[in-house]
Amino acid sequence: MKPLLLQIAKKQKMRDSYFPKLKDITSAKLNLNEVVLTTPLQENRNLSERFQAKILLKREDLQAVRSYKLRGAFNKIMHLTSEERSRGVVCASAGNHAQGVAYSCSLLNISGKIYMPATTPKQKITQVRMFGKDKIKIVLTGDTFDEANQAALADCHQSGRIFIHPFDDPQIIEGQGTVGLEILQQAATSIDYVFIPVGGGGLAAGVGAYFKEISPTTQIIGVEPAGAPSMKESIAAGKVISLENIDKFVDGAAVQKAGELTFEICRKVLSDIVLVPEGKVCSTILELYNQDAIVVEPAGALSIAALDFYAEKIKGKTVVCIVSGSNNDITRTEEIKERSLMYEGLMHYFIVRFPQRAGALRVFTEQVLGPGDDITYFEYRKKNNRENGPAVIGIELQNKDDFQGLIERLSQHGFVYEYLNEKPDLFQFLI
């Protein structure tokens, strides 16, 4: 058999046969004991009361790098031989995986190169540099993760550095599986449900595999952002598929293509996959901050946001939600607030064509707007050669039930309008 065909055959055999073993996850835990924090498993009273269940949060947001990603990265690098370590490592990431690899390189005195998209926020670049210190080199290239990833793979071929995959690797999966090991060690009672955020699937595969062996009656629920359902679509298709377009807002879980290894494991261990709208994720981020002073990134809020979709099933049950990370950029706060308001039905955007006559705006503000309605965005340009002048208007309501009245009054007073909330492409262009 030709070398390339032999390599493909070996990969296919591993994909079909690999399943994380308990001894390997236990071994990974031993590797991580001196480096990774055994994060708390805390009951959240607000959530427990709301859902009439015992809701426990596995606080991976409290790790040194503020996410679970350190577990897999460190475990993978620890498995490298002395010769492989001497060659150094390389990875591609715009966030948490990069920080885990950088921190591991610093601790193990290994040279690392981290490829990040040129569009990566400075805050994340600064964090990676802080964790990696003088052991890592950051290379900014391309506009997307895929472009950075291609550059990282090309580096591997040229330099001989070892590629550290963010999720589709046995040691990565086994490292992430230690989260499940800790949950079962910490829980005082049996666990009915575990909600796990799913991006590439490394965390869900590792934790799900461990529960499948130790606590097979526990329902393992994967949670993906509605705008990036790569694992759910792949399982439905019976093979790994690549999504053409995704919403990248939940950046820690928005991947176009799930892993080959993680796909095979997840379709065996996941009881269900819930898709959560990005706006619901934003509402959850704000609730956690305002009610519990917990700061989470969008992917870190996924598991908790999914509880509403299982509200009836989890009543009286013991439920674990894995809070995967807290690397949130404060500059995203306004976008998070706006997406939340739109999801909750409180923020609405229109293109309104005002008649170009005196008093038209006064009619709009005094007779169309309700007493609690607030104009938060207004952009208008008068064009004297037209009978109507378009304005882009954002209106925040006090109560979502006021929306129908607003629509009726727009029509009653003869205003021609387009509703932008239901036209995402036009919305992104104008707002």
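1. In what follows, Lys and Arg count as positive and Asp and Glu as negative, while His and the chain ends are not counted; the place of a charge is taken as NZ of Lys, CZ of Arg, CG of Asp or CD of Glu. On that basis, the mean positions of the 51 positive and 51 negative charges of the protein chain are 5 Å apart.

2. This is a predicted model, in which local features need pLDDT of at least 70 and side-chain atom pairs count only at pLDDT 80 or more, whereas totals for chains, interfaces and linings use all residues. Residues are numbered from 1 along each chain as its sequence is written, and side-chain values use heavy atoms, with hydrogens and water left out.

3. The C-alpha trace spans about 80 × 55 × 40 Å along its principal axes.

4. The accessible surface of the protein chain (Shrake-Rupley method, 1.4 Å probe) is about 20,100 Å², and carbon and sulfur atoms account for 49% of that area. Of the 431 residues, 52% count as buried, meaning under 20% relative accessible area, with a 1.4 Å probe and protein chains only. Where contact means heavy atoms within 4.5 Å, 76% of the contacts between residues at least 6 apart in sequence join residues at least 24 apart.

5. The secondary structure comprises 18 helices and 14 strands, taken as DSSP runs numbered from the N terminus (helices H or I, at least four residues; strands E, at least two). Four of the strands form an open sheet with parallel pairing, in the order β5-β4-β3-β6, where pairing requires that DSSP finds at least two bridges between two strands. Because β5 (136-140) and β6 (162-163) each have a single partner strand, they stand at the edges, and one side of each is left without a neighbour in the sheet.

6. Within this sheet, β3 (residues 89-92) and β4 (residues 112-116) pair in the parallel sense over four bridges; C91 stands opposite I114, and V90 has K113 as its bridge partner. Five of the five residues of β4 are buried, with G112, I114 and M116 on one side and K113 and Y115 on the other.

7. S104 belongs to helix α6 (residues 96-108) and counts as buried, its relative accessibility being 0%. Apart from neighbours within four places in sequence, S104 is in contact with L70, A73, F74 and I77.

Note on methods: Buried < 20%, exposed > 50% of the residue type's maximum accessible area, 1.4 Å probe, protein only.
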